[in-house]
Amino acid sequence: MSVLTCRAAARCLLALLLALPLLARSADAETPLSLDEAVTLALTEQPLLRGIAAQSRALRESAVAARQLPDPELNLGLVDLPVDTDEAYSLTDDSDTQIVVGVKQAFPRADKRRLRGEVMVRDAQRLDVEQLRTRRQVRREVALAWLTLWRETTAQRLVAAQQEDAQTQVALAEIALKTGTATQAEFLAARVEALTLADQVSASAQMIEQARSALSRWVGEAAWRPVERRLALAPPQPLPTLLAQTRRHPELAAALAQRAVADTGTALARAEFQADWWLELGYGHRPAFSEMVMLQVGMDLPLFTAQRQDRKLAAALAQQDVADAAVDDVQRQLQAELRRLHVDAQRLDARLTDYDAGLIPQSAARREAALIAWRNGRGLLRDVIQARRDELTLQLSQLDLRHALAQRQVQLAYFAVDEASATLEHPHE
């Protein structure tokens, strides 16, 4: 093999190696985006979840600091310096004049420091539960966004299929017009119908772009990939099972965690009635006299509590009431929303069965019968157009029902206990 041939082969190999990443990205861009993949992409490196995790870490770090003694204070000063008479501003003439350096350390009660840290730990635990709730919410929101895109792309395919039939009908009507078996009005009606369907295809394209933009909030550039046509969602669990699982739902757990924060806050407010104390050690230098040492001990005097400690305790007790009411309210909301969604899903499923078994097959048969009758000269073209229009309306209504049922199934899945929340327990159990 010649040197030139070797160089050409090497260049081809290098070009192929450089093109492989582009080919891989192109293949990924053409791979249909499934619902499961969209959820996985949304939960991977999700900024909302990272932010909550960071807040939880910050609170735990702050809790460690809150349990510690405050930093000691360093005092440096000049005491009893004369400012008049012959001794003015002299450091040696008056025996009381001192250059003082001292250290003061406050000693808040251990219970107070422990409770201040515990309040932050409880709040961090609340954020841990909040992260579980946010994961569920992200899973639900990205699934709903994907379903919207699926609905719009499916609707476009339905309209496009009808548009192709309408264009074929225009061609047949034009032939019939030339042979005298169709009128000018029928030919124009067929053209108007084809143009109307073309406009609906364009409108669907606009709705698809809007749906892709909404989905990109969760999955980024993957929102512009083709959407998987298959729609397979697990049927919801029985209503009694889902109602029982609400006791371990992250929304209720978050409300219970907030109540734990309030309980700890009340304990801290009660601890504020206890006095703290401090210790100060000082050294006084007298240039012309003997050195001096100072030792002082002091403490708070919580004697007038009516406008301070009593108010703080009353506020903490009120926060407990707020947290208790929130727990009851969240539990009612979960159960009411669950019952509504479950009833909706049952009704939508029954209606969809009627469409699948009766309305859709009969509308297709009606369109076919009208088309055969027109081709055989025993029917009118307007009957064919109306039958096609009615069939498309029913197909889009069926799609809306299927989309609504899928939405309810996704929303009901929000209430089901998953592995992450299976350990969340009701405190009264």
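Helices (H or I, at least four residues) and strands (E, at least two) are DSSP runs, numbered from the N terminus. I start my notebook with that rule, and then read the elements of the chain from the N terminus on as α-α-α-β-β-α-α-α-α-β-β-α-α. That comes to nine helices and four strands.

**Ground rules**

I note that this is a predicted model, where local features need pLDDT of at least 70 and side-chain atom pairs count only at pLDDT 80 or more, while totals for chains, interfaces and linings use all residues. Residues are numbered from 1 along each chain as its sequence is written, and side-chain values use heavy atoms, with hydrogens and water left out.

**Entry: the sheet**

I looked up how the strands are arranged. Four strands form an open sheet in the order S1-S2-S3-S4, with antiparallel pairing. Strand S1 (73-79) and S4 stand at the edges with a single partner strand each, so one side of each is left without a neighbour in the sheet. From one strand to the next, the twist averages 20° (axes are lines fitted to C-alpha atoms, for helices over the stretch in contact, and angles run from 0 to 180 degrees between N-to-C directions). For pairing I used the rule that DSSP must find at least two bridges between two strands.

Next I went through the pairs. Strand S2 (residues 98-107) is joined to S3 by nine bridges, and the two run antiparallel. Here I found Val-101 opposite Tyr-283 in S3, and Phe-107 with Trp-277 of S3 as its bridge partner.

I then moved on to strand S3 (residues 277-285) and strand S4 (residues 292-299), which are antiparallel and joined by eight bridges. S3 and S4 form a hairpin, with six residues between them. Leu-281 has Leu-295 in S4 as its bridge partner, and Gly-282 stands opposite Met-294 in S4. A reminder to myself: in a regular strand the side chains alternate between the two faces of the sheet.

**Entry: a loop residue**

I stopped at Asp-80, which is found in the loop between S1 and S2. Most residues other than glycine have a negative phi. Asp-80 has a positive phi, near 60°, and is not a glycine. Its relative accessible area is 47%, so Asp-80 is partly exposed (buried means under 20% relative accessible area, exposed over 50%, partly exposed in between, with a 1.4 Å probe and protein chains only).

I checked the length of H4, which has 70 residues. From its first C-alpha to its last H4 reaches 103 Å, close to the 104 Å expected at 1.5 Å a residue (the expected span is 1.5 Å times one less than the number of residues). Just after H4, Gly-180 takes a positive phi of about 85°.

Helix H5 (residues 184-219) has 36 residues that should span 52 Å, and its end C-alpha atoms are 52 Å apart, which agrees.

**Entry: the largest pocket**

Rolling a probe the size of a water molecule over the atoms shows where empty space is left. On a 1 Å grid over the protein atoms alone, a cavity is a set of points where a 1.4 Å probe fits but cannot get out, and a pocket is an open set with protein on both sides within 12 Å along at least five of seven lines; lining residues have an atom within 4 Å of a point. Grid points are joined across faces, edges and corners, and a volume is the space filled by probe spheres set on the points.

I found about 610 Å³ of space in the largest pocket. Of its 27 lining residues, the closest to the centre are Asp-36, Arg-139, Leu-233, Val-410 and Ala-413. Helix H2 (35-43), helix H4 (110-179) and helix H9 (381-413) each supply at least two lining residues, and H4 gives the most, with five. By class I have 17 nonpolar, three polar and seven charged residues (Ala, Val, Leu, Ile, Met, Phe, Trp, Tyr, Cys and Pro count as nonpolar, Asp, Glu, Lys and Arg as charged, and the others, Gly among them, as polar).

Of the 429 residues of the chain, 36% count as buried. Leu-399 lies in helix H9 and is buried, with a relative accessible area of 4%. The C-alpha atoms of Leu-399 and Thr-154 are separated by 7.9 Å, though 245 residues apart along the chain.
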